[in-house]
Amino acid sequence: MTSELDIFVGNTTLIDEDVYRLWLDGYSVSDAVALRVRSGILEQTGATAAVLQSDTMDHYRTFHMLERLLHAPPKLLHQLIFQIPPSRQALLIERYYAFDEAFVREVLGKKLSKGTKKDLDDISTKTGITLKSCRRQFDNFKRVFKVVEEMRGSLVDNIQQHFLLSDRLARDYAAIVFFANNRFETGKKKLQYLSFGDFAFCAELMIQNWTLGAVGEAPTDPDSQVDDMDMDLDKEFLQDLKELKVLVADKDLLDLHKSLVCTALRGKLGVFSEMEANFKNLSRGLVNVAAKLTHTKDVRDLFVDLVEKFIEPCRSDHWPLNDVRLFLNQYSASVHSLDGFRHQALWDRYMGTLRGCLLRLYHD
């Protein structure tokens, strides 16, 4: 008796997205099988537990082999061992470099070093994210940082070129790299209400306006060793910010500035009397933050200072967000009417970014 058997042979590497997610989340094969069983896959497919175990192990082996290529995504595109369609390659890369909000919030602004890596056990326990997943995410942050830290040009473009990430994910990584490089404090209790998205928004503004790359200040000497254009704050700009102190040190300028703002906003703010009474304190807070940015520690404490000097006082007086917006817009613009003030461009570069950050950080 003869039997006929149809055989199909193909060389396309099959990727099960659900199993890939389980692998990325750090589950062992046995845990992944248990979760797949719980999802009802055996009933849906008619497969046996043994087949499911074998299928899961096979996928895990494939992912382990792909992982070294995912460390340098262009290699995945150019290798010939795994036949993976381009759309699937993009999915593998994007999901491998995706990260959990809860995890990034714990390490944002910290040095991407062995010291921080030792804390991953505690972070795993606190966030409920598996230790294996924490390690993958941390190693991804560190890998991207190491690759782009010596590069000139756009931080986002460099990340996209070398890691083939989507624009949104590349911008998120640019924020992570920027914060790690400048070591901004994000872990203090008074900053816990802020999300990664809040900090990433501010990072993008600072990269666009406060770095050397923001103003295209390339060195005149081609042999000069200049720090990374988008990663480092413009030190000359930070030094110049001390010139803004005249706005609060000169009583006549301070009084005139207050008068201009109050005249423009009378009848438009629900918290006008509170603003008028607290104007000088708020102005001193905003200007003094600028004047202190020449010191590394004060740069690191930028967000702590913004919350303490501006956001908390406005919150305590119950300012609605729209009143904060009206105040900051008028506060910034009125400086252009101060005849005795000679640093308009510097002011605009500083306050343009600060205004955007404050409006994002202010949650009424």
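The second largest pocket is lined by 15 residues, and L108, K110, E185, T186 and G187 lie nearest its centre. A pocket here is an open set of points on a 1 Å grid over the protein atoms alone, where a 1.4 Å probe fits, with protein on both sides within 12 Å along at least five of seven lines; lining residues have an atom within 4 Å of a point.

This is a predicted model, where local features need pLDDT of at least 70, side-chain atom pairs count only at pLDDT 80 or more, and totals for chains, interfaces and linings use all residues. Residues are numbered from 1 along each chain as its sequence is written, and side-chain values use heavy atoms, without hydrogens and water.

| Pocket | Volume | Lining by class |
|---|---|---|
| Largest | About 280 Å³ | 4 nonpolar, 6 polar, 4 charged |

Volume is the space filled by probe spheres set on the points, which are joined across faces, edges and corners. Ala, Val, Leu, Ile, Met, Phe, Trp, Tyr, Cys and Pro count as nonpolar; Asp, Glu, Lys and Arg as charged; the others, Gly among them, as polar.

The largest pocket has 14 lining residues, with N182, K235, L238, T296 and V299 closest to its centre. Domain 2 (101-183) and domain 3 (236-361) both contribute to this lining, so the largest pocket lies between them. The domain bounds come from an automatic or database assignment.
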